[in-house]
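These are my notebook entries on what I looked up, in the order I took the topics.

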Amino acid sequence: MNPPSLPLLLAPAGSPKAFVAAIAAGADAVYFGGKQFGARQYATNFDRKEIDDAVRYAHLRGVSVYVTVNTLISEHELPEILGYILFLFQIGVDAVLIQDIGLLSLVRKTIPEMVIHASTQMGIHNTAGARYASSQGCRRIVLARELPAYEIEEIGRILEDTQTDLELFVHGALCYAYSGRCLLSSLIGGRSGNRGMCAQPCRKIYRICSGKTDDYGRIGKTRSAIRENGYLLSTRDLCLYPVLDRICRLPVAALKIEGRMRSPEYVATVVSVYRRALDAIHKGSFTPDIHDIAELAIAFSRGFTSGYISGDTCSQVMGREYPGNQGFFLGSVIDTGKGKVRVRIQADYIPGPGDGLVIRDTMNEEGFVLRNKPVLHGDILELDHGSRLKAGSGVFITNSRELELNIAALLSNPDKRFEGSIRISCTISIHADGTVRVAGTAEDCLSRIHPFECLTTEQLQPARTIKIDHEQIIQQVRKTGGTIYTFTDISVVSEGDWFGPPRVLNTMRREILESAGEAVLQSFLPGNDPTEAAKTAINLIHADSSGRPENQVQKPPSLAVIVSSYHEADITLQNGADRVYLAWNPDIAGYPAGKTDPEKIGIMVPGIIRNRELDTFRSNIQNLQVSGIHRFLVDSPGIAEYIRDISPDAVISGYYGMNITNSATVRAYKEFEFCTLSPELSEREIKDLVRALSLNQDSPRVAILVQGQVLVAVTEDNLFELVFGDPSRKPGQDDQDQKDLQYILQDERDFIFPFRCDRQGRTYIMNSSEHCLINDISPLKEIGISWFLIDARYRGEAYAGIMTRLWHEAVHAGTDIRSGIAYTRIRDEIIRMSAGGITRSGFRRGLSGTTGRSHEPDA
């Protein structure tokens with residue numbers, strides 16, 4: 001075990017073999033997912049027996065096990081997932097990682113002793129979110145990967161007097177967008193990242209184009225805004241190894257390696273490097289080693305970045321040239337000829353015979369295996385290989401024979417580091433009838449003492465011609481053969497002379513070890529009382545959800561519109577909106593006095609507000625209170641509590657960025673006015689959720705987005721930097737002709753994704769087709785949705801006014817609007833105004849029914 005000052009090393013495992021590799025290489029804890037409900041559904045993962053076996057294997061070696069249950073949960077899955085987490089609790093899993101707020105609340109209510117970690121999918125990125133997660137019982141928070149060190153320190157300080165600690169990613173793939181907020185794969189490919197099925201559209205080719213917008217905010221004819229296409233959304237891989245000593249000085253309890261989709265060999269390599277580094281840091285002797293960096297890169301690398309945590313800019317985090325494995329960069333080609341390649345090396349690392357190399361330029365690559373030892377002249381390395389690629393091409397090492405052999409040796413004897421780690425002291429008592437009883441203690445890897453007893457199945461026989469003395473018994477029992485067990489003290493008590501062949505003594509030894517091991521394992525298990533209490537609580541939850549819904553009087557849903565300016569707010573209210581929310585920005589001012597009833601005005605709070613922006617946000621809220629505005633639509637966990645601390649009378653509702661997919665999540669936000677459901681939900685899933693809520697009226701109302709462009713990604717990558725060079729420059733800043741331009745990402749299928757960048761350099765990417773449920777208005781009204789929302793941000797006054805009027809007409813029409821001529825007119829006009837055609841997002845497919853089917857617009 002590490003001393004308290006050194007963070008735990010947490011390793012990934014996508015399969016049982018990778019799990020063993022992680023522990024063999026030195027992980028303090030391992031995380032993995034089951035066959036369901038984990039955010040890596042394309043990994044091999046673990047069935048229930050494999051989970052049980054893995055927990056036992058790890059605990060005997062003093063290693064903790066965390067199981068990921070970090071996907072969003074639909075209504076019909078709630079009973080099953082509670083049973084699954086109860087199983088994890090019963091077998092002694094050390095913690096579960098959770099994304100879904102509703103599931104979090106249910107687990108706290110039914111299995112309060114289950115340790116919960118807030119997954120990075122929960123999107124905790126500021127002190128407000130951290131306070132919220134801690135107040136909800138999370139013992140650890142896996143922070144967003146976008147945070148710099150000083151913000152992590154700020155979050156650590158506010159948690160000092162709590163039972164909650166922090167966890168950071170230190171190595172592996174980086175998501176382009178904030179985790180848990182990315183709908184890109186779900187809405188364009190039918191594979192939800194919130195269900196562990198991300199198709200990685202960020203690793204595809206895009207180009208940036210621009211064009212002028214019409215009165216409805218739709219982009220017309222476009223032209224390229226940058227010179228070349230590229231992998232514009234592809235990040236480098238995170239590698240904090242070179243700065244690990246600085247990372248260990250942050251207030252973090254665990255350092256996490258990403259890689260549940262990787263091989264056992266990858267896991268073993270990366271964990272080994274970080275284990276050596278942490279041990280050196282503990283001794284005060286850490287110096288980054290180029291050979292370690294080479295091993296990490298050879299294992300897998302898209303090019304390394306030390307990330308936002310170390311102060312890297314977005315241009316340093318991004319790897320837009322190539323999205324695949326690059327290996328370790330050796331140097332650049334000087335010249336080729338006569339079967340030789342001369343390379344100017346960039347690092348003190350020389351490949352050897354049997355290593356795999358690649359020579360790569362912007363268009364082509366050549367792979368080969370090094371047959372002979374290269375010749376080094378100063379910084380020039382001469383390789384035996386005939387190449388057609390030109391000078392300037394990069395040379396990369398993609399495979400190391402020496403590293404392969406080292407990892408193979410490690411995996412062939414995974415218990416080498418644990419030999420004799422469970423120390424047994426026991427007394428063997430041979431009774432008059434030949435039965436053997438053993439009583440002793442086992443000291444485990446954590447230096448805890450566990451008493452045990454066992455009655456062996458084999459009996460000794462009275463000696464006739466040959467007898468065994470006590471010393472022979474002791475010598476035979478001590479033969480633990482390189483296992484995790486060792487005997488520190490054995491005594492034998494007997495009357496008379498006894499005989500037992502080696503087979504009997506070997507059985508005795510095996511049963512002593514098994515009993516000692518079971519004593520260790522039992523210490524990780526919950527007692528009967530908490531288990532039975534959890535079963536009772538879960539049964540009560542099931543009983544509460546199986547009643548009859550209360551009869552409700554259906555009334556037309558209220559209509560809320562989100563806009564970008566106060567003028568747009570006035571227009572939407574004049575056209576029939578019941579409520580309007582104005583998008584927050586740092587320059588927002590109070591609503592002009594006397595224009596409109598402030599009860600109808602609210603503020604739309606963005607999902608990402610970093611610590612450095614919270615002071616401005618607080619000041620804005622205080623100013624808004626003066627003008628009577630006290631309604632807020634929030635989009636991330638924790639910010640609601642932050643607002644209430646400033647304005648106790650605030651009326652708060654939740655937008656779809658809250659990832660609300662089940663009734664338990666709605667009830668978790670019991671003080672909200674309404675909760676907007678995720679656009680990933682299907683009609684069936686929405687019906688199930690609303691029915692479950694109708695069993696108990698003491699919950700917020702349900703809202704749904706019916707019109708608008710869905711935000712599919714929020715990222716710290718400032719795409720305007722690619723367009724303008726200067727990341728602080730904005731469209732129209734110097735050229736009036738640029739003022740009305742809209743910028744878009746265009747993919748290889750020519751779908752376009754509008755984006756904008758705010759003053760912090762944050763980029764917001766919208767879906768290519770406009771979300772529209774006009775074809776489903778009748779079933780939505782029948783389901784009992786209380787609020788219909790239109791997102792009209794950045795679409796202009798004409799769009800905001802006309803779209804509000806059309807939906808107001810549709811909402812207040814008869815029960816089955818679809819049967820009338822008026823509906824056809826309304827529908828056709830809505831579709832005509834929509835950008836990129838219309839899509840129903842998840843309304844057809846659903847959250848739990850996501851497939852690999854490509855998304856096309858509905859119209």
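**Entry: G324.** I began with the contacts of G324; setting aside neighbours within four places in sequence, I found S301 and R302. G324 sits in the loop that links helix 11 (314-317) to strand 13. I also looked up its separation from I468: 144 residues in sequence and 65 Å in space, C-alpha to C-alpha. The model is a predicted one, and I checked its confidence next.

**Entry: confidence.** The protein chain has a mean pLDDT of 91, with 93% of its residues at 70 or more. For residues 850-859 the pLDDT is below 50, and I noted that this stretch has 39 contacts in the model beyond near neighbours in sequence.

Entry: Strands 13 and 14 make a hairpin with two residues between them, and K338 in the turn has a positive phi of about 55 degrees.

**Entry: other positive phi values.** I kept in mind that most residues other than glycine have a negative phi. I then looked up Q200, which is not glycine and has a positive phi near 55 degrees. Q200 belongs to the loop between helix 7 (184-189) and strand 8. Buried or partly exposed? Q200 is partly exposed, because its relative accessibility is 36%, between the limits of 20% and 50%.

S841 also has a positive phi near 55 degrees and is also not glycine. Its place is the segment after strand 39 (838-839). S841 has a relative accessibility of 2% and so counts as buried, the cut-off being under 20%.

Entry: For strand 9 I looked up the pairing with strand 8 (residues 206-212), which is antiparallel and has two bridges. C209 is opposite S224 of strand 9.

**Entry: strand 28.** Here I turned to parallel pairing. Strand 28 (residues 601-604) is joined in the parallel sense to strand 27 (residues 579-583) over four bridges. Strand 29 (residues 631-634) also runs parallel to strand 28, with three bridges between them. I followed I603 across both pairings: L582 stands opposite I603, and I603 stands opposite F632 in strand 29. Which way do the residues of strand 28 point? I601 and I603 point one way, G602 and M604 point the other way, and all are buried.

**Entry: V96.** V96 lies in strand 4 (residues 95-98). Its relative accessible area is 0%, so V96 is buried. Leaving out neighbours within four places in sequence, I listed its contacts as V67, V69, L88, M114, V115, I116 and H117. The C-alpha atoms of V96 and A118 are 8.6 Å apart, across 22 residues of sequence.

**Entry: the second largest pocket.** My last item was the second largest pocket, with a volume of about 1000 Å³. Its lining has 36 residues, and those nearest the centre are L106, K109, S663, A664 and R667. I sorted the lining by type and got 16 nonpolar, eight polar and 12 charged residues. Which helix gives the most to this lining? Helix 4 does, with seven residues. The helices that each supply at least two lining residues are helix 3 (78-90), helix 4 (101-110), helix 15 (528-544), helix 18 (639-646), helix 19 (663-668) and helix 20 (683-694).

Technical notes: Residues are numbered from 1 along each chain as its sequence is written. This is a predicted model: local features need pLDDT of at least 70, side-chain atom pairs count only at pLDDT 80 or more; totals for chains, interfaces and linings use all residues. Side-chain values use heavy atoms; hydrogens and water are left out. On a 1 Å grid over the protein atoms alone, a cavity is a set of points where a 1.4 Å probe fits but cannot get out, and a pocket is an open set with protein on both sides within 12 Å along at least five of seven lines; lining residues have an atom within 4 Å of a point. Grid points are joined across faces, edges and corners, and a volume is the space filled by probe spheres set on the points. Ala, Val, Leu, Ile, Met, Phe, Trp, Tyr, Cys and Pro count as nonpolar, Asp, Glu, Lys and Arg as charged, and the others, Gly among them, as polar. pLDDT is the predictor's confidence in each residue, from 0 to 100. Contact means heavy atoms within 4.5 Å. Two strands pair if DSSP finds at least two bridges between them. Buried means under 20% relative accessible area, exposed over 50%, partly exposed in between (1.4 Å probe, protein chains only).
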